[in-house]
Amino acid sequence: MSGGEVAGILVAVFWAILVSFLAVALARLAQTLRATTKLVADVTDQAVPLLADASSAVRSAQTQIDRVDAIASDVQEVTSNASALSSTVASTFGGPLVKVAAFGYGVRRALAGRKDDVPAKAPRRTVIVGRTVPAARRKNRGK
């Protein structure tokens, strides 16, 4: 055998090894692609019902939100009606009730002032730096 033939055999062996490695790599890549395709199909089969359930849940939530919105608007209307009723009652009965209370207070004061067994109150005095100021003088000071 000559040197060219040995070189040709070495190149042929090298190419055979390279083709073997490439065939193994392509076989594994094909297996990985089959597994990926199966996984995507399984995810798709499971995602479709999941999306349908999610869509149903969103519709149900929207219905509940619409109901809550209606309830909130009714509560707002009731609140405004209660406020109007409260102001009407206050304006209708407030003035006369204040007058009756003031009259009752005046009558009590008048009756309390006529009692003879109650001693008269002593005039209030204020102590300012060791001296006493009569009540009459305090009233005049504010003028």
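1. What share of the 143 residues in the protein chain is buried? Buried residues make up 1% of the chain in this predicted model. The chain exposes about 12800 Å², and carbon and sulfur atoms supply 67% of that area.

2. The secondary structure consists of two helices and two strands. Along the sequence these elements follow the pattern α-β-β-α. Helix H1 covers residues 3–113, and helix H2 covers residues 135–141.

3. Confidence should be considered element by element. The mean pLDDT of the protein chain is 84, with 79% of the residues scoring at least 70. Among the elements, H1 has the highest mean pLDDT, 91, whereas H2 has the lowest, 53. Where pLDDT is low, predicted coordinates should not be read in detail.

4. The aromatic contacts can be stated briefly. The count comes to one aromatic pair. This pair is formed by Phe14 and Trp15, whose ring centres are 6.1 Å apart. Their planes stand at 70 degrees, so the arrangement is edge-to-face, the cut-off for that class being over 60 degrees.

5. Is Trp15 of this pair buried, partly exposed or exposed? Trp15 has a relative accessible area of 49% and is therefore partly exposed, since that class lies between the 20% and 50% limits.

Technical notes:
Residues are numbered from 1 along each chain as its sequence is written. This is a predicted model: local features need pLDDT of at least 70, side-chain atom pairs count only at pLDDT 80 or more; totals for chains, interfaces and linings use all residues. Side-chain values use heavy atoms; hydrogens and water are left out. Helices (H or I, at least four residues) and strands (E, at least two) are DSSP runs, numbered from the N terminus. Buried means under 20% relative accessible area, exposed over 50%, partly exposed in between (1.4 Å probe, protein chains only). Accessible areas come from the Shrake-Rupley method with a 1.4 Å probe; for residues, only the protein chains shown count as cover. pLDDT is the predictor's confidence in each residue, from 0 to 100. Rings of Phe, Tyr and Trp (its six-membered ring) pair if their centres lie within 6.5 Å; planes under 30 degrees apart count as stacked, over 60 as edge-to-face and the rest as tilted.
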